[in-house]
Amino acid sequence: MNWAITLSLIIHWYLSLFCQTFYLHRYSSHGMFKMPYWLDRVFYLMTYILQGPSFLNPRAYALLHQAHHKYSDTEKDPHSPHFYPSIKKMMIKTFYDYHALVKNPVGERSDHYYPTWKTLDRFAESKIHTLFWIGLYLFLYQFVVDSPWQYIFLLVHFLMGPIQGATVNWFGHKVGYRNFSLPDQSRNTIPVDIFLMGELYQNNHHQFPMAQNFAKKWFEWDPTYPVIWVLKNLGLLKTQQS
Ligand SMILES: [Zn+2]
Ligand SMILES: [Zn+2]
């Protein structure tokens with residue numbers, strides 16, 4: 001691995017992760033804040049571009065995630081690690097559940113806004129979409145690799161969204177400490193979550209599902225919250241408190 005690959009992995013990791021936690025999770029799934037329609041489209045497009053071949057449809061993501069909160073760590077939870085022998089098996093099941101919801105978005109709440117973008121959503125499900133992104137990444141990677149074996153790192157770029165999702169779903173409900181005693185198995189995996197931008201505070205988040213700041217103790221830090229705070233103070237996001 002060289003510095004250019006390291007840098008591209010780090011940049012892609014955090015940009016794609018930001019879209020997942022800010023747009024797909026906190027906004028599309030929970031509706032923690034509202035934004036003007038033009039900004040909603042900007043973040044939708046940003047999520048599509050930054051997740052690329054592993055783009056996660058916001059409406060399907062939201063439906064799956066709402067079920068996760070409703071049935072957390074029971075048999076009806078779409079991805080509780082306590083019902084699967086391995087992270088791989090859990091993600092295969094999640095993959096099928098997610099695609100079923102993309103095709104047939106059942107279970108929508110009438111009081112909730114699910115972002116959709118018909119043309120983009122349809123394109124994102126096509127083979128041309130996948131081939132386009134794989135082709136583009138392959139093209140770009142020729143400028144960063146020093147030897148052919150390094151193309152293996154492309155797999156991380158291709159699967160960025162699911163890798164981040166799997167890490168949160170598995171470790172966030174299996175490994176770590178608890179600030180709150182809840183009927184589910186949610187955990188805060190690490191005290192300072194700089195790797196998943198706050199997503200690994202699952203225990204805090206399950207206790208306060210509508211709290212924009214996932215950190216609760218003095219030593220915890222949710223790196224996504226300052227971004228929300230800035231956007232809120234710029235008047236771009238509206239929350240129940242503001
Ligand atoms: Zn959870
Ligand atoms: Zn949530």
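Two residues count as in contact here if their C-beta atoms, placed from the backbone, lie within 7 Å. This is a predicted model, in which local features need pLDDT of at least 70, side-chain atom pairs count only at pLDDT 80 or more, and totals for chains, interfaces and linings use all residues. Residues are numbered from 1 along each chain as its sequence is written, while chains are lettered from A and ligands numbered from 1 in the order in which they are written.

**Helix α2**
- Helices are DSSP runs (H or I, at least four residues), numbered from the N terminus.
- Y44, T47, Y48, L50 and Q51 are its buried residues (20 or more other C-beta atoms within 10 Å of their own).
- Those buried residues pack against α1 (3-29), α3 (58-70), α5 (118-124) and α8 (160-171).

**α1 meets α2**
- From α1, L15, S16, C19, Y23 and L24 meet F43, M46, T47, L50 and Q51 of α2.

**Nonpolar cores**
- A nonpolar core is a set of buried Ala, Val, Leu, Ile, Met, Phe, Trp, Tyr and Cys residues joined through C-beta atoms within 7 Å.
- The largest has 20 residues, of which A60, Y61 and L64 touch the most other members.
- α1, α2, α3 and α4 (87-103) each give two or more residues to this core.
- Beyond its neighbours within four places in sequence, Y61 is in contact with L24, S28, S29 and L56.
- Another core lies apart, with eight residues, including V168, L196, M197 and L200.

Technical notes. A residue is buried if 20 or more other C-beta atoms lie within 10 Å of its own, exposed if 12 or fewer, and partly exposed in between; C-beta atoms are placed from the backbone.
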